[in-house]
Each structure stands twice: as structure tokens, then as C-alpha cells.
Amino acid sequence: MLVADISDQLGNQMFAYASVKTIAQKKGYDFRFVRAHNTRVNSSDPKYGSELHTIFPQTSSELLDELPPLPNTWSESITASSSQIYAEEATEVSDNTYMKGHFISCLYFMDNLREVRKWFAFSPDILDACQSRLERVQEAYPCRRLVAVHFRVGDDYLKQGFLLHESYWFRAAESMIQQYGREHVLFLPFYDHRPSRGGIVNHFVQQYPCEDIRGTLVEDMCTLTMVQDLIVCNSSFSAMAGILNHTAGKQVLRPSVYPSGTQYQPADCFPDTWTVIPARQNRFSLLYCRFMKAKGRLLKGLRSAFFGKRS
């Protein structure tokens, strides 16, 4: 049996589940998962919550209340010098192994995509609601190509150094306009934060033809899997949505970099068939992250010096 350590928010949960379960199936092992302690919840659906096993109840039978005693543990190790997130060693583990990591690489499961889409099948009520929403927009704009745009611009991304410079989304939008013409494109923004004034999302909406059809957490993920075209960002949420999207003739645009803290992590979370748009890290986000890390080291040093003297 392989037991996956599922952590963080929905996109990360889905990547770890799909990756480790695919490895288990190929090896002929049983699969289960445990939920790591997590206090970082960006959004929660009022009906389905924010957990993989409540959003996709077909996975709930594989959830363990606690980690069973296993003789082996495999831990993901990603550094600034890593050429990719995918690790061949992870696919060669022995049975009865605890799999620790995020596994945010589509290389683990792209050849098993038909099964993955079954694992993450949305409930009929969610599918119907999202389909109806898209049909209403298409009826209102019959000559427009619907392009979903996913933004991750909240405080958590800013403080961790993950935030992209806003030029990425503008370059991606211009790419779509060059292909189809401004009068034939309608952008559908999906975002985690939109202030009353200013900010990346407001700047985008002011410049391009947009229609806001956001719903709940689950509805947004489902809608992203159904649109004609999708502009993703450095987010496992929108990356997984793009992977699950099987709309005929779809086009997915993705950023050229995937900033993580002060480093750029490999981008093999994205399929290599997606269109690469130049992107760079938001400088303020980078500086904020460095400041917080320096502050943390300083406080750690002061505590050590203070308590060290007392002892």
C-alpha cells in the first residue's frame, strides 16, 4: 500500500492524490491517503468544503484517519538546482511506503489522464450549474470566444514571494486578442482577491472585455475545466483545471516561470503542449519574502541568544 500525505489547498491535494495513486496503480499496490494538518485555507465551498474527499466523495473511502505503521517513507526533495519536480525514484518505491510531498508535476499521471478525470468527476449539480452559467454568457455574447483567466494575487502569494508581475496576464490577453480579435474574445476572470480599488484584477478588467461569473470554490474549478480557452498562472488549482479540461480545440496559456519563495521552481507541473507566455516575479513580492525570511532568522537568533543566556 502507498499512503499519500495530502496537504495544503485543493490544487495541491489533487496533484498529490493523482500522482501517488497513479504510481500505486502502475505498481499494483493499494492506495490510501492521510490529511496533513493544514491551517491555510484560501477558500471553502459552502456545501462541499475545501477538502478533496468532500469535494470528490468518490475518494472518501481511501481517506485514513491516521497514518498506519509503514516500514518505508519516501520524501520529495526539491531544491533551487532541481531540473524538474518529477522524480523517477518516486515511481520505483516498494510496497508499504508513506509518500511525503506535493508531487506538483503532471508527468506523474498524464498517461493516466482518463482515470484521473474519473477520480475528479464533479457532482451533477455542480456540472449543471456551471454549464448553465457558461451557456447564459455565450448567449449574451454569441460571437465571443470565452477565455477564463485565473489570478492568484492574494496576500498569501504576496508574502511568500509567489506573486507574478501583472504583465504576464496582460501579455496572455494580448496573445488571445491577436489570434481572435478583440471583438471576438470575452475574458472570464477568476481570482482569490479583488480590492475595491486598484490591484491587478481591476487593472485587467478595466482594460479588456470581461464578464465576472465567479461562483463557489468548487464551481470555479469545474467552470475552468469547461471553458474553450484558459489562461492559468503559477497555481496548482488552475494548472489542474487546465489538465482536466478536455474541451475540443482548447488552448491553455501558462507562465514561463513558477516562482516559489525566492527561487524559481521547475515548471513541469504544466503539460509541454501549453503555450508559454513570458512572465516574471513581482519584485515587491520577492522583497517581501526576503524581508520576512530575514526577520525570521533575526528573531530566531535573538530567542536563541536570550534563552541561551538564561540557561
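Reader: What should I know about the model before we start?

Author: The model is predicted, so to read it note that local features need pLDDT of at least 70 and side-chain atom pairs count only at pLDDT 80 or more, while totals for chains, interfaces and linings use all residues. Residues are numbered from 1 along each chain as its sequence is written, and side-chain values use heavy atoms, with hydrogens and water left out.

Reader: Okay, how much space lies in the largest pocket?

Author: About 930 Å³ lies in the largest pocket, and of the 45 residues that line it, the closest to its centre are Gln9, Asn12, Arg152, Tyr157 and Ser236. A pocket here is an open set of points on a 1 Å grid over the protein atoms alone, where a 1.4 Å probe fits, with protein on both sides within 12 Å along at least five of seven lines, and lining residues have an atom within 4 Å of a point.

Reader: And which classes of residue make up that lining?

Author: The lining of the largest pocket has 16 nonpolar, 19 polar and 10 charged residues.

Reader: What about the second largest pocket?

Author: The second largest pocket holds about 230 Å³ of space, and its lining has 7 nonpolar, 3 polar and 1 charged residues, among them Arg117, Phe120 and His246.

Reader: Switching to the surface, is Leucine 298 buried or exposed?

Author: Leucine 298 is exposed (over 50% relative accessible area), with a value of 54%. Together with Leu299 and Leu302, Leu298 makes a nonpolar surface patch of about 290 Å².

Note on methods:
Patch = residues over 30% accessible without salt bridge, like charges linked within 9 Å, V, L, I, M, F, W, Y side chains within 5 Å. Areas by Shrake-Rupley, 256 points an atom, 1.4 Å probe, with all protein chains shown as cover. Salt bridge = Lys/Arg side-chain N within 4 Å of Asp/Glu carboxyl O. Buried < 20%, exposed > 50% of the residue type's maximum accessible area, 1.4 Å probe, protein only. Points joined across faces, edges and corners; volume = space filled by probe spheres on them. Nonpolar A, V, L, I, M, F, W, Y, C, P; charged D, E, K, R; others polar.
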